[in-house]
Amino acid sequence: MTTPATASAALWDDKDPLMEAIALAVWEQCERQDYRATNDDPRNIAAVAATVARAFLLPDTAANADPGPEPWPTAEDAYAGAPHPRAEFEWLVNEAHAGRRNREWWLRRAAVVDRRSADLPSDHCLRDEHALELARFLIELDGATVTGDPRRYVRRQYLYWARNN
């Protein structure tokens, strides 16, 4: 292992959440002699710091996870490849009659109502309210936390579902 060249020493910043997370992880994971001294192999400290940095900076890629910090898609982007609303409503009716109202059914219902609502002039508030109601139901079904317009969540989830199915 070679000693890295540094131009200047790093300075602690009380307002830096990444530094705070790394310091806490090093404190919990590395050997120490007393309150002020951490005594461990620099490679162990680096491993802890890298793990914290990756978890802190990279989005979660677990299956079925919220897609993370990517921007909310517009209605046009989310529903670009979606089937015609009439075909989607037929699918919804057939699935409902067969007793299959799972998450996919609720997502597709929320998406088709959102899509129809987005195509209407703003004076058609009844469909907008219905789209919001379905979006809130899907958010509750998923146990998600969403701030702002709940319909953005439906659009992102529909786009994610459409790409993977």
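The legends below describe close-up views of a predicted model.

Local features are given where pLDDT is at least 70 and side-chain atom pairs where pLDDT is 80 or more, whereas totals for chains, interfaces and linings use all residues. Residues are numbered from 1 along each chain as its sequence is written, and side-chain values use heavy atoms, with hydrogens and water left out.

**View 1. The protein chain as a whole has 7 helices and 0 strands.** Helices (H or I, at least four residues) and strands (E, at least two) are DSSP runs, numbered from the N terminus, and along the sequence they give the pattern α-α-α-α-α-α-α. Of the 165 residues in the protein chain, 28% are buried, where buried means under 20% relative accessible area, exposed means over 50% and partly exposed lies in between (1.4 Å probe, protein chains only). Among contacts (heavy atoms within 4.5 Å) with a separation of 6 or more, 54% join residues 24 or more positions apart.

**View 2. The largest nonpolar core has 22 residues.** Such a core is a set of buried Ala, Val, Leu, Ile, Met, Phe, Trp, Tyr and Cys residues joined through side-chain atoms within 4.5 Å. The residues with the most contacts inside this core are Tyr 79, Leu 138, Val 154 and Tyr 158. Two or more core residues come from each of helix H3 (75–78), helix H5 (103–118), helix H6 (125–142) and helix H7 (150–164), and H5 provides the largest share, 7 residues. Beyond its neighbours within four places in sequence, Leu 138 is in contact with Arg 103, Trp 106, Leu 107, Tyr 153 and Val 154.

**View 3. Helix H4 (residues 85–97) packs against H5 at an angle of about 150°, with the axes 10 Å apart.** Axes are lines fitted to C-alpha atoms, for helices over the stretch in contact, and angles run from 0 to 180 degrees between N-to-C directions. H4 and H5 are therefore roughly antiparallel, given that angles under 35 degrees count as roughly parallel, over 145 as roughly antiparallel, 65 to 115 as roughly perpendicular and the rest as oblique. The crossing of H4 and H5 is left-handed, a term used if the near helix is turned anticlockwise from the far one by less than a right angle, with right-handed used if clockwise. On the H4 side the contact includes Glu 88, Trp 91 and Leu 92, and on the H5 side it includes Trp 105, Arg 108 and Val 112. By class, this contact of H4 with H5 has 7 nonpolar, no polar and 7 charged residues, with Ala, Val, Leu, Ile, Met, Phe, Trp, Tyr, Cys and Pro counted as nonpolar, Asp, Glu, Lys and Arg as charged, and the others, Gly among them, as polar.

**View 4. H5 and H7 cross at roughly 120°, and their axes come within 9 Å.** H5 and H7 are therefore oblique to each other, and their crossing is left-handed. The residues that make the contact include Leu 107, Arg 108 and Ala 111 of H5 and Val 154, Tyr 158 and Trp 161 of H7. By class, the contact of H5 with H7 has 8 nonpolar, 2 polar and 6 charged residues.

**View 5. Arg 108 lies in helix H5.** Arg 108 counts as buried because its relative accessibility is 10%. Not counting residues up to four places away in sequence, Arg 108 touches Glu 88, Trp 91, Leu 92, Tyr 158 and Trp 161.

**View 6. Val 93 is found in helix H4.** With a relative accessible area of 44%, Val 93 is partly exposed. Val 93 and Trp 105 are 12 residues apart in sequence, and their C-alpha atoms are 9.9 Å apart in space.
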